[in-house]
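Trainee: I have a new structure to look at, and I would like to learn how to read it. Could you guide me through it?

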Amino acid sequence: MRKFQEKRLVIATHNKGKLEEIEALLAPFGVVVESAGALGLPEPEETEATFVGNARIKAHAAAQATGMPALADDSGITVDSLGGAPGVYTADWAETPRGRDFVLAMTRTWDELEKVDAPYPRRAQFRCTFVLAWPDGEDAVFEGVMPGQVVWPMRGNHGHGYDPIFQPDGYDLTFGEMDRWEKNQISHRADAFKKLIAGCFT
């Protein structure tokens, strides 16, 4: 697998929180990171039906626009009894004319499970796919998974997205009840990131 030997890396995101998280994880390797948002890059249309497809779109768009390697991720929650939904449409389920409403999205998820009388435990996975792309078109893919279950009612006000209804395997707390740093140690993104570091940075 191709090793990352450059000094600078574009993080293909406009999300400040995600940038800070990735910046902290890459700090030991002396990599200077810049976000697509700070560089004024537009957000490309995510037209694929898979996490890896959408992450590839974002990573290659940023690499081509800047001439630097770029790292993108696509992530979401897949619920077994809903055939893997919402999956790549995780954020779309929260869209409203007034912006994203994840309480609405979590309520919809539970309502859909009730509609199909899904058995307990209501199995789900948070998934994260990282794509590291180089300007010459080569890329490397790393996928992380955190298995768990959907619970109700919502619990906790930490984290973001669907965290208050996701209870990871081996824990009594939801992601929404966990300290941010504890969650970041065990999350789907942490799993994918460990694979990225092992594959390209060590």
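Mentor: Gladly! Let's begin with a term: a residue is called buried when its relative accessible area is under 20%. This is a predicted model, and in it Phe-201 has a relative accessible area of 12%, so Phe-201 is buried.

Trainee: Is Phe-29 buried, exposed or partly exposed?

Mentor: Between the cut-offs of 20% and 50%, a residue is partly exposed. Phe-29 has 33% relative accessibility, so Phe-29 counts as partly exposed.

Trainee: How many aromatic pairs are there?

Mentor: Rings pair if their centres lie within 6.5 Å. By this rule there are nine aromatic pairs. In one of them, the ring centres of Phe-29 and Phe-201 are 5.6 Å apart and the planes are at 50°, so this pair is tilted. Phe-29 sits in the loop between α1 and β2, while Phe-201 belongs to helix α5, so the pair ties together parts 172 residues apart in sequence. Phe-4, Phe-29 and Phe-201 form one aromatic cluster.

Trainee: And what kind of pair do Phe-130 and Phe-193 form?

Mentor: An angle over 60 degrees between planes counts as edge-to-face. Phe-130 and Phe-193 have 75° between their planes and are 5.6 Å centre to centre, an edge-to-face pair. Phe-130 is in strand β6 and Phe-193 in helix α5, so parts 63 residues apart in sequence are tied together. Both residues, Phe-130 and Phe-193, are buried.

Trainee: What about the whole chain?

Mentor: The protein chain has five helices and eight strands. Of its 202 residues, 46% are buried. A compact globule with 202 residues would have a radius of gyration near 17 Å, and the protein chain agrees, with 17 Å.

Methods. Residues numbered from 1 in each chain as written. Predicted model: local features only at pLDDT ≥ 70, side-chain atom pairs only at ≥ 80, totals over all residues. Heavy atoms only, no water. Helix = DSSP H or I, 4+ residues; strand = E, 2+ residues; numbered from the N terminus. Rg over C-alpha atoms; globule rule 2.2 N^0.38 Å. Buried < 20%, exposed > 50% of the residue type's maximum accessible area, 1.4 Å probe, protein only. Phe/Tyr/Trp six-rings, centres within 6.5 Å; stacked < 30°, edge-to-face > 60°.
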